[in-house]
Each structure stands twice: as C-alpha cells, then as structure tokens.
Amino acid sequence: MKRIASRTIGAWGVALVALACLAPGLSGQAGSIAGRVTEEGSLRPLSSAQVFIEGTGIGTFTNASGDFVLLNVPAGE
C-alpha cells in the first residue's frame, strides 16, 4: 500500500512542477507536459503510475520507464 501512495505523490509532484514551468509561456494556447515518475529515495522509474490534471479530464499512466506525456494541456495556473 505504501508504494501506491509514493506513486501518487510522485506523479503529482512531477505534474505540478512541469505545469508550473510550462504554463507562463503558453498564454491562450494548448501545450503538452512530459516527465518521468520515480520512486522517492531509490529514484527507480515507476510504471503504471497515474498522472493527471485535476478537473480537466486530462491524464495518462506512466510507461515501463516511468515516462508520461499529457497532451492538449490548456494554459493557466
């Protein structure tokens, strides 16, 4: 159960940081967010971690390497 919690926290951390960096330059445009979810401490990639932007319906799961891409992300905070 602890591993699932780590995936959720890691996914949120990656998504929020990526969104914060991407959003200011997209004024009125849609973009994409790409990143990697890793296990805290060991930094091993986590597969099948859910990554999403709450309230948008935009989300995906990480692949075997922990990588993800969110497409058609609206600009905003």
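1. Two strands pair if DSSP finds at least two bridges between them. Keep that in mind when you look at β2 and strand β3 (residues 58–61): four bridges join them, and the two run antiparallel. One detail to find on screen is Phe 52, whose bridge partner in β3 is Gly 59. β2 and β3 form a hairpin with four residues between them, and Gly 55 in that turn has a positive phi of about 80°.

2. A word on what you're looking at. This is a predicted model, where local features need pLDDT of at least 70 and side-chain atom pairs count only at pLDDT 80 or more, while totals for chains, interfaces and linings use all residues. Residues are numbered from 1 along each chain as its sequence is written, and side-chain values use heavy atoms, with hydrogens and water left out.

3. Now the overall layout. The chain has one helix and four strands, and going from the N terminus the order is α-β-β-β-β. Helices (H or I, at least four residues) and strands (E, at least two) are DSSP runs, numbered from the N terminus.

4. What makes up the largest nonpolar core? There are 10 residues in it: Ile 33, Val 37, Leu 46, Ala 49, Val 51, Ile 53, Ile 58, Phe 68, Leu 70 and Val 73. β2 (50–53) and β4 each give at least two residues to this core, and the largest share, three residues, comes from β4. A nonpolar core here is a set of buried Ala, Val, Leu, Ile, Met, Phe, Trp, Tyr and Cys residues joined through side-chain atoms within 4.5 Å. In soluble globular proteins, nonpolar side chains tend to be buried together.

5. How much of the chain is buried? Of its 77 residues, 29% are. Buried means under 20% relative accessible area, exposed means over 50%, and partly exposed is in between (1.4 Å probe, protein chains only). The chain exposes about 5000 Å², with carbon and sulfur atoms supplying 57% of it; such areas come from the Shrake-Rupley method with a 1.4 Å probe, and for residues only the protein chains shown count as cover.

6. Next, the charged pairs. A search of the whole structure turns up two salt bridges, each being a side-chain nitrogen of Lys or Arg within 4 Å of a carboxyl oxygen of Asp or Glu. In one of them, Asp 67 and Arg 36 meet at 2.8 Å, N to O. This pair links distant parts of the chain, since Asp 67 sits in strand β4 (residues 67–74) and Arg 36 in strand β1 (residues 30–36), 31 residues apart. Asp 67 counts as partly exposed because its relative accessibility is 27%, and Arg 36 does so because its value is 46%.

7. You'll find it in the loop between β1 and β2. Its side chain meets that of Arg 44 in a salt bridge of 3.3 Å, N to O, and Arg 44 is partly exposed at 42% relative accessible area. The side chains of Glu 39 and Ser 42 are joined by a polar contact of 2.8 Å (a pair of N or O atoms within 3.5 Å; within protein, one must be able to donate a hydrogen and the other to accept it, and residues adjacent in sequence count only if both atoms are side-chain atoms).

8. Lastly, Ser 32, which lies in strand β1. At 38% relative accessibility, Ser 32 counts as partly exposed. The C-alpha atoms of Ser 32 and Val 69 are separated by 6.9 Å, with the two residues 37 apart along the chain.
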